[in-house]
Amino acid sequence: MGYLRGLTHGAIAGAILGLLYAPESGLSMRQRVSRLLGQAEDMMAADSAVAPATPRRRGATGTESRARRP
């Protein structure tokens, strides 16, 4: 899990830095970021309204399986 979390955080940081150093004026960049964040917020609100939380599935025996580590 640590690798995926680091990869995700690195991708987010890279996207933010890319936006900050893009050759675009500050006003148009702020407008674009604001528009994109609004769209993301709308998408997340729609997803949470459409898909209710589902319980986690258990194994066939009724107990959760655990991965074995070497």
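The model is predicted, so local features need pLDDT of at least 70 and side-chain atom pairs count only at pLDDT 80 or more, while totals for chains, interfaces and linings use all residues. Residues are numbered from 1 along each chain as its sequence is written, and side-chain values use heavy atoms, with hydrogens and water left out.

**Fold**
- The protein has 2 helices and 0 strands; these are DSSP runs numbered from the N terminus, with helices (H or I) of at least four residues and strands (E) of at least two.
- Helix H1 covers residues 2-20 and holds Leu17, while helix H2 covers residues 26-50 and holds Val33.

**Surface**
- Of the 70 residues, 1% count as buried, meaning under 20% relative accessible area, with exposed over 50% and partly exposed in between (1.4 Å probe, protein chains only).
- The protein exposes about 7,000 Å², and carbon and sulfur atoms supply 61% of that area.
- Ile12, Ile16, Leu17, Leu20 and Tyr21 make a nonpolar surface patch of about 590 Å².

- Leu17, one of the patch residues, is partly exposed, with a relative accessible area of 47%.
- Val33 is also partly exposed, with a relative accessible area of 26%.
- Val33 and Ile16 are 17 residues apart in sequence and 10.0 Å apart in space, C-alpha to C-alpha.

Technical notes:
Patches are made of residues with over 30% relative accessible area and no salt bridge: like charges are joined within 9 Å, nonpolar side chains (Val, Leu, Ile, Met, Phe, Trp, Tyr) within 5 Å. Accessible areas come from the Shrake-Rupley method with a 1.4 Å probe; for residues, only the protein chains shown count as cover. A salt bridge is a side-chain nitrogen of Lys or Arg within 4 Å of a carboxyl oxygen of Asp or Glu.
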